[in-house]
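Please look at the model before reading on.

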Amino acid sequence: MTESKRPYISVVLERDLLKKANYQCTYISPINGRRCNQRKGLELEHMQPFAKGGSSEPENLTVLCKGHNNFRAIEEYGVQKMQLFLKGCG
């Protein structure tokens with residue numbers, strides 16, 4: 001069984017995406033429409049997950065704080081699957 005590797009995301013692309021996001025999490029609450037104001041622990045996130053065929057092209061990447069990245073993963077894959085990966089996060 002061959003495991004597919006994520007394509008390399010260059011430092012330049014990461015820096016450009018962070019700059020475009022104004023070095024802030026891009027998550028917008030569906031409840032109040034407010035954008036998360038977190039500026040620490042930012043991570044690149046595939047909007048369509050790589051594991052589900054999403055690309056690592058700039059238009060499929062966004063910037064999320066660790067908490068919202070974890071939240072999106074739980075939404076996408078469910079708590080049961082993500083428990084293994086999120087153990088120790090907090």
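Glu-45 is buried, yet has no salt bridge: the nearest side chain of opposite charge, Arg-72, is 4.3 Å away. Buried means under 20% relative accessible area, exposed over 50%, and partly exposed in between (1.4 Å probe, protein chains only). A salt bridge needs a side-chain nitrogen of Lys or Arg within 4 Å of a carboxyl oxygen of Asp or Glu. In counting charges, Lys and Arg are positive and Asp and Glu negative, while His and the chain ends are not counted. Leaving aside neighbours within four places in sequence, Glu-45 is in contact (heavy atoms within 4.5 Å) with residues including Asn-60, Leu-64 and Arg-72.

The model is predicted: local features need pLDDT of at least 70, side-chain atom pairs count only at pLDDT 80 or more, and totals for chains, interfaces and linings use all residues. Residues are numbered from 1 along each chain as its sequence is written, and side-chain values use heavy atoms, without hydrogens and water. The mean pLDDT (the predictor's confidence in each residue, from 0 to 100) of the chain is 86, and 84% of its residues reach 70 or more.

The chain has three helices and two strands, in the order α-β-β-α-α from the N terminus. Helices (H or I, at least four residues) and strands (E, at least two) are DSSP runs, numbered from the N terminus.

Where pLDDT is low, the predicted coordinates should not be read in detail.

Helix 1 (residues 11-20) has the buried residues Leu-13, Leu-17 and Leu-18. They lie on the same side of helix 1, because they cover an arc of only 135° around the axis, taken from the directions from the helix axis to the C-beta atoms. The face turned away from this buried side carries the exposed Val-11 and Lys-19. The buried residues of helix 1 pack against strand 1 and strand 2.

The largest nonpolar core has six residues: Leu-13, Leu-17, Leu-18, Ala-21, Leu-61 and Val-63. Helix 1 gives the most to this core, with three residues. Such a core is a set of buried Ala, Val, Leu, Ile, Met, Phe, Trp, Tyr and Cys residues joined through side-chain atoms within 4.5 Å.
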